[in-house]
Amino acid sequence: MSPGRYGNPGLREEVETVRAIFEAFERRDVEAALAFVSEELEFLPGGTAARAGRTEPYRGRDGVRQYFADASRVWDDLTIRADDIRAAAGGVVVFGHATGVAGGEPVSRQIVWTWQVRDGKAVSLRVNDLGDAPDG
């Protein structure tokens, strides 16, 4: 089965919303991402937030703008990949990885992103770092 085609088929719109946000991030297109973000969005992406010295979640569209600015400032290079997107009861779970360079040091982590989407807009994002990504 292809990613996003199993789990809860009633969440297809939610999966497409999350996919669109990942695609916008890959292009570094904050305005495209904002089209899919609720003003209620709350998220705290561990790696970027920690490197930026942030302890509070990013909130709403202004928070997304600040996140993009922080990511640009603290990462020499950052790529996130959504390897597997699954609809799940009440949300969308994305299994993937992040690779980058920060302060001249390479970083490669396995990540799980858990999203809540309402009315076609992301309202919550939780990021879980699962440790070093395998080589390859």
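Leaving aside neighbours within four places in sequence, which residues is Gly100 in contact with?

## Gly100 and its surroundings

In this predicted model, Gly100 has its place in strand 4, and, once its neighbours within four places in sequence are set aside, Gly100 is in contact with Trp75, Asp77, Leu78, Glu105, Pro106 and Val107. Gly100 counts as buried because its relative accessibility is 7%, and the cut-off for buried is under 20%.

A residue from another part of the chain gives a contrast in distance: Ala35 lies 65 residues from Gly100 along the chain, and the C-alpha atoms of Gly100 and Ala35 are separated by 26 Å.

## Strand 3 beside strand 4

Strand 4 covers residues 91-102 and runs antiparallel to strand 3, which covers residues 77-88, with 11 bridges joining the two strands. Within this pairing, Thr79 stands opposite Thr99 of strand 4.

## Strand 4 beside strand 5

Strand 4 is also joined by 11 bridges to strand 5, residues 105-118, and these two strands run antiparallel. Here Val94 has Trp113 in strand 5 as its bridge partner.

Strand 4 and strand 5 likewise form a hairpin with two residues between the strands, where Gly103 takes a positive phi near 60°. As a general point for reading such strands, the side chains in a regular strand alternate between the two faces of the sheet.

Note on methods:
Residues numbered from 1 in each chain as written. Predicted model: local features only at pLDDT ≥ 70, side-chain atom pairs only at ≥ 80, totals over all residues. Heavy atoms only, no water. Pairing = 2+ DSSP bridges. Helix = DSSP H or I, 4+ residues; strand = E, 2+ residues; numbered from the N terminus. Buried < 20%, exposed > 50% of the residue type's maximum accessible area, 1.4 Å probe, protein only. Contact = heavy atoms within 4.5 Å.
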